[in-house]
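Keep the view open as you read.

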Amino acid sequence: MAKAVHNDVLDGALMVLKNSATKMVACAGEPASFAAASGSLKLAEAMMSAGDFLIADGAQSGRRVTVAEKSGVQVTASGTANHVALLDMAGSRLLYVTTCTAQALTAGQTVTFGSWDVEINDPA
C-alpha cells in the first residue's frame, strides 16, 4: 500500500522550529534537557528569529528547514563543542539537538555556526 503526506503536515513540525527557536547554542556534549543546553554544557549562544529559518523542499524528499549561519558569536566558556541545540527560551524547551564537527572553543573568542538543515523525508 502506498504512503503519502502533504507538505503542510511536514511543514507543521518545521514551523515549530521557525516560530519557537530563539537561541542556538554550541554544547560540550549532548544535552538531554533544556537546563543542560542552556546551562552547564553551553559554550556559545546566538539569538535566533523566524527569519533565520527557511522552509523548502527537502534535498532527498519531503521538506527541510535551513538554519541560517551565525558568525562572530561570542564564546562564553572554554571546551570542545560537539553538539548544537535549538532552544525555546520562553517555553524552556530543548527543541532540537544535532552533532557538529568537534571544535575547541576558548572563552572570549568568537565562533561561527555554519548553516545547516533539518530534513523530514516523505514516508517510504
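Thr101 is exposed, with a relative accessibility of 70%; here buried means under 20% relative accessible area, exposed over 50%, and partly exposed in between, using a 1.4 Å probe and protein chains only. You will find Thr101 in strand 7, which covers residues 93-105. Helices (H or I, at least four residues) and strands (E, at least two) are DSSP runs, numbered from the N terminus. Asn82 is 19 residues away from Thr101 along the chain, yet their C-alpha atoms are separated by 5.9 Å.

A word on what you are looking at: this is a predicted model, in which local features need pLDDT of at least 70 and side-chain atom pairs count only at pLDDT 80 or more, while totals for chains, interfaces and linings use all residues. Residues are numbered from 1 along each chain as its sequence is written, and side-chain values use heavy atoms, with hydrogens and water left out.

Ser92 is not a glycine, but it has a positive phi of about 50°. Its relative accessibility of 46% makes Ser92 partly exposed.

For a contrasting setting, turn to Ala44 in strand 2 (residues 42-47). Ala44 is buried, at 0% relative accessibility. What does Ala44 touch, leaving aside its neighbours within four places in sequence? Its contacts are Met24, Val25, Ala26, Val73, Gln74, Val75, Thr76, Val111 and Phe113, where contact means heavy atoms within 4.5 Å.

Thr112 belongs to strand 8 (residues 110-113). With a relative accessible area of 42%, Thr112 is partly exposed. Not counting residues up to four places away in sequence, Thr112 touches Glu69, Lys70, Ser71 and Gly72. Asn7 is 105 residues from Thr112 in sequence, and in space their C-alpha atoms are 31 Å apart.

What about the cysteines? A disulfide is a covalent bond between the sulfur atoms of two cysteines. Counting a disulfide as a pair of cysteine sulfur atoms within 2.5 Å, a search of the whole structure finds 0 of them. Cys27 is in no disulfide, and its nearest cysteine sulfur, that of Cys100, is 8.7 Å away. Cys27 is buried at 0% relative accessibility, whereas Cys100 is partly exposed at 29%.

Finally, look at the chain as a whole. It has 2 helices and 9 strands, arranged along the sequence as α-β-α-β-β-β-β-β-β-β-β. The radius of gyration is 15 Å, close to the 14 Å that the globule rule gives for 124 residues, so the chain is as compact as a globular protein of that length. That radius is taken over C-alpha atoms, and the globule rule is 2.2 Å times the number of residues to the power 0.38. Of the 124 residues, 36% are buried. Among contacts between residues at least 6 apart in sequence, 70% join residues at least 24 apart.
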